[in-house]
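Take your time and follow along residue by residue.

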Amino acid sequence: MTEPLLYRVGITRDCLRRDGAGPLFDPMALRLLDGARGVAWGYLPETASAVTAADAARYDAVMALMPAVPASALAGPDLRLRHVARFGSGYDNVDIAACTMAGVLVTIAPDGVRRAVATAILTFILALAGRLLAKDRLTRAGRWAERTDFMGSGLTGKVVGSVGFGSIAREAFRLMAPLEVERIACSPRGDAEEMAREGVRLVDFETLLARSDFLTVNCPLNAETRGMIGARAFGLMKPTAYLINTGRGPIVDEAALYEALVEGRIAGAALDVFAEEPTPRDNPLLALDNVIVTPHALCWTDECFRRCAESAFGAILDARDGKRPAFPVNPEVFDHPRWKRG
């Protein structure tokens, strides 16, 4: 009797620590794969910005942190790949149409990032409201006499708005509840009654812009949302308002944001994501004192990475065993001949 083929799982090499001594996530998460019969896992042989056709011929499933999954990776004659498990909730760098056509399932791990990104949003709100970075600079420069010139803003009664009302926005609003802020959101699929039960009011986009003291971006990047926070949006916002983007950089028009900040049309911004990543060192936004920036990593904590790894590995094993994972991006792939024949 021939031995059944091993189900090979590849992990992109950006999941390794820089010294190569182990994964960025808690190694205990790997016990999910180690304890599964017929599964062999390993790191992709090369560090690359995208999964390659060679990778897709070598593995049944790939867990990907940052690398893209282009159509070219799925075009080889010896395609073996059946599943791309994203280490996180975004998938704008995965060619979903090409994956679906090739019979490759794509899953995400929103349960891993939900609390971590929500906490990052709250961190930015508190830092902006308290003018944390300005006071840090004053202290380091010995300019204590100027501290009354940098008064912070209390949060009670302030309006926090969200573009989008998915799991991250919901979690962020739950964390904010004790702060006694007003919570509003716009969402094309929002249910006003359901949102009201969570203490959030559904509003249209223009109302969201006009009323928010802190505008947070929590929607996916797609053709409709690319550049939606631009000159017109900034023109509708309060001059005392702040923009917070922990979603995807291209949702915000960076040139329009720079002009709004320089001209005082909004008070400031906090950005964890950029139109181009890594953002160029000469990005003019980096020279502004009223902007807080982080390298698309503010939510990166040990808790976040452990939960993302466990979620992604769990999805891989569920799909391998014929179960539907909790968070498929393209569930129609289960009707593809590659999945029907097992």
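## Helix H4 and its partners

Helices H4 and H11 are roughly antiparallel to each other, because their crossing angle falls over 145 degrees. This is a predicted model, so please read every value below as computed from predicted coordinates. H4 covers residues 110-129 and H11 covers residues 302-320; their axes come within 7 Å and cross at roughly 165°. H4 passes H11 in a right-handed crossing.

Which residues bring these two helices together? From H4 come Asp111, Gly112, Val113, Arg115 and Ala116, and from H11 come Glu303, Cys304, Arg307, Cys308 and Ser311. Sorted by class, this contact of H4 with H11 holds 4 nonpolar, 2 polar and 4 charged residues.

H4 has another helix partner to look at, H6 (residues 167-176), with axes that come within 8 Å and cross at roughly 50°. H4 and H6 are therefore oblique to each other. Their crossing is right-handed. On the H4 side, the contact is made by Pro110, Val113, Arg114, Arg115, Val117, Ala118, Thr119, Ile121, Leu122 and Ile125. On the H6 side, the residues are Ser167, Ile168, Glu171, Ala172, Arg174, Leu175 and Met176. By class, the contact of H4 with H6 has 11 nonpolar, 2 polar and 4 charged residues.

What about H4 itself? The helix has 20 residues and reaches 28 Å from its first C-alpha to its last, close to the 28 Å expected at 1.5 Å a residue. H4 is mostly covered, with 14 of its 20 residues buried.

### Arg115, in contact with both partners

Setting aside neighbours within four places in sequence, Arg115 is in contact with Glu171, Leu175, Glu303 and Arg307. Glu171 lies 56 residues away along the chain, yet the C-alpha atoms of Arg115 and Glu171 are separated by 6.4 Å. Is Arg115 buried, partly exposed or exposed? Its relative accessibility is 36%, so Arg115 counts as partly exposed.

### Backbone details in the loops

Some backbone angles are also worth a look. Just after H4, Arg131 takes a positive phi, although Arg131 is not a glycine. Glu180 likewise has a positive phi without being a glycine. The table sets out the angles.

| Residue | Backbone angle | Location |
|---|---|---|
| Arg131 | phi about 55° | loop between H4 and helix H5 (132-140) |
| Glu180 | phi about 60° | loop between H6 and strand S7 (182-186) |
| Pro278 | omega about -5° with Glu277 | loop between strand S11 (268-271) and strand S12 (291-293) |

How accessible are the residues with positive phi? Arg131 is partly exposed, with a relative accessible area of 30%. Glu180 is exposed, because its relative accessible area is 55%, and the cut-off for exposed is over 50%.

Key:
Residues are numbered from 1 along each chain as its sequence is written. This is a predicted model: local features need pLDDT of at least 70, side-chain atom pairs count only at pLDDT 80 or more; totals for chains, interfaces and linings use all residues. Side-chain values use heavy atoms; hydrogens and water are left out. Axes are lines fitted to C-alpha atoms, for helices over the stretch in contact, and angles run from 0 to 180 degrees between N-to-C directions. Helices (H or I, at least four residues) and strands (E, at least two) are DSSP runs, numbered from the N terminus. Angles under 35 degrees count as roughly parallel, over 145 as roughly antiparallel, 65 to 115 as roughly perpendicular and the rest as oblique. A crossing is left-handed if the near helix is turned anticlockwise from the far one by less than a right angle, and right-handed if clockwise. Contact means heavy atoms within 4.5 Å. Ala, Val, Leu, Ile, Met, Phe, Trp, Tyr, Cys and Pro count as nonpolar, Asp, Glu, Lys and Arg as charged, and the others, Gly among them, as polar. The expected span of a helix is 1.5 Å times one less than its number of residues. Buried means under 20% relative accessible area, exposed over 50%, partly exposed in between (1.4 Å probe, protein chains only).
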